[in-house]
Amino acid sequence: MTETAAGTDWQAWQLSWDRQQEWYMPDREERFRVMLDMVEAVVGPEPRVLDLACGTGSITDRLLKRFPAATSTGVDLDPALLAIARGTFAGDDRVTFVRADLKDAGWTARLPHDSYDAVLTATALHWLHSEPLAALYGQLAAVVRDGGVFMNADHMIDPATPRINAAERAHRHAAMERAKEGGAVDWAAWWELAARDPELAGPTAERFEIYGEHADGDTPSAEWHARTLRAAGFAEARAVWSSPSDSLVLALK
Ligand SMILES: C[S@@+](CC[C@H](N)C(=O)[O-])C[C@H]1O[C@@H](n2cnc3c(N)ncnc32)[C@H](O)[C@@H]1O
């Protein structure tokens with residue numbers, strides 16, 4: 001990655017993160033678009049947002065480009081991805097980042113606000129097993145204001161359709177292999193690049209101590225997410241978008 005006289009090129013890292021994630025999810029921008037459509041539909045164009053497990057802040061980036069009067073708090077545990085996020089949004093007083101482990105009982109006490117219009121997350125909660133995820137949903141029900149919204153876009157698997165799931169997975173992975181032959185950078189290769197960057201080498205070593213390659217978690221169905229969100233205190237919940245492998249589940253407080 002390029003280094004300039006002013007230091008690491010955070011924007012270039014941001015873009016390379018997006019390309020790497022798009023290798024797994026070619027429809028990633030489409031789900032961000034639908035997510036923001038539903039933010040606008042439910043809480044309007046000036047929301048106070050919590051970007052949950054924000055990584056480099058991809059949701060915050062799309063949010064502020066589309067709704068300049070929005071504000072965002074990004075929460076994540078990964079010091080390397082947070083370094084990219086902080087570098088990218090440096091000087092933007094609409095954005096705050098908080099380092100916290102979503103599995104810690106007291107993580108919400110670190111937030112700068114007691115409640116949010118919208119809590120948004122993508123490609124992250126499958127890093128948690130179902131039990132801690134259900135506990136997290138209970139905490140989120142207390143953080144989303146009445147009338148506010150929670151949305152989770154992630155890989156969600158219906159256990160009732162194993163043959164469909166297997167066919168879809170094989171088809172998706174074949175396309176990923178073709179993209180890799182064309183030069184796409186996968187997760188492991190991306191982290192090797194980060195480990196060679198002078199600014200990111202330290203935080204990258206730290207994130208591997210925390211997570212290893214990747215935390216283990218579950219990928220329950222969209223129906224499980226909706227049911228668990230209703231049990232946690234949300235009034236309504238259902239999928240508002242789906243691809244053959246992923247869903248965007250919306251819960252209204
Ligand atoms: C694949 S990345 C997605 C990041 C971002 N939402 C995006 O769409 O680009 C998954 C993120 O979840 C975060 N994460 C996973 N488990 C977490 C936990 N227990 N606490 C805080 N963040 C966590 C990881 O650090 C990582 O940044």
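Biologist: Which helix is V39 found in?
Modeller: V39 sits in helix α2. Helices here are DSSP runs of H or I with at least four residues, strands are runs of E with at least two, and numbering goes from the N terminus. Residues are numbered from 1 along each chain as its sequence is written. The model is predicted: local features need pLDDT of at least 70 and side-chain atom pairs count only at pLDDT 80 or more, while totals for chains, interfaces and linings use all residues.

Biologist: Is V39 buried or exposed?
Modeller: V39 is buried, because 25 other C-beta atoms lie within 10 Å. The cut-offs are 20 or more other C-beta atoms within 10 Å of the residue's own for buried, 12 or fewer for exposed, and partly exposed in between, with C-beta atoms placed from the backbone.

Biologist: What is V39 in contact with, leaving aside its neighbours within four places in sequence?
Modeller: P47, A118 and V149. Contact means that the two C-beta atoms, placed from the backbone, lie within 7 Å. A141 is 102 residues from V39 in sequence and 17 Å away in space, C-alpha to C-alpha.

Biologist: How far apart are M35 and W241?
Modeller: They are 206 residues apart in sequence and 8.7 Å apart in space, C-alpha to C-alpha.

Biologist: What about F32, buried or exposed?
Modeller: Buried, with 20 other C-beta atoms within 10 Å. F32 is in helix α2 and touches I59 and R62, not counting residues up to four places away in sequence.

Biologist: Switching to the core. Which residues of the largest nonpolar core touch the most other members?
Modeller: V119, V149, F150 and M151, out of 57 residues in that core. Helix α4, residues 79–88, gives the most to this core, with 6 residues. A nonpolar core is a set of buried Ala, Val, Leu, Ile, Met, Phe, Trp, Tyr and Cys residues joined through C-beta atoms within 7 Å.

Biologist: What does M151 touch?
Modeller: M35, M38, L120, L248, V249 and L250, not counting residues up to four places away in sequence.

Biologist: Back to α4. At what angle do the axes of α4 and α8 cross?
Modeller: Roughly 140°, and the axes come within 7 Å; α8 covers residues 201–211. That makes α4 oblique to α8. Axes are lines fitted to C-alpha atoms, for helices over the stretch in contact, and angles run from 0 to 180 degrees between N-to-C directions. Under 35 degrees counts as roughly parallel, over 145 as roughly antiparallel, 65 to 115 as roughly perpendicular, and the rest as oblique.

Biologist: Which residues meet there?
Modeller: From α4, P79, A80 and A83; from α8, P203, T204, E206 and R207. By class the contact has 4 nonpolar, 1 polar and 2 charged residues. Ala, Val, Leu, Ile, Met, Phe, Trp, Tyr, Cys and Pro count as nonpolar, Asp, Glu, Lys and Arg as charged, and the others, Gly among them, as polar.

Biologist: Now the ligand. How many residues surround it, and which are the closest?
Modeller: There are 17, and the closest are A53, G55, L77, D78 and A124. The shell has 9 nonpolar, 4 polar and 4 charged residues.

Biologist: What is the phi of A53?
Modeller: Positive, about 55°, although A53 is not a glycine. Most residues other than glycine have a negative phi. A53 lies in the loop between β3 and α3 and is buried, with 23 other C-beta atoms within 10 Å. T123 likewise has a positive phi of about 55° without being a glycine; its loop runs between β6 and α5 (130–143).

Definitions and conventions. A residue is near a molecule or strand if its C-beta atom, placed from the backbone, lies within 6 Å of it.
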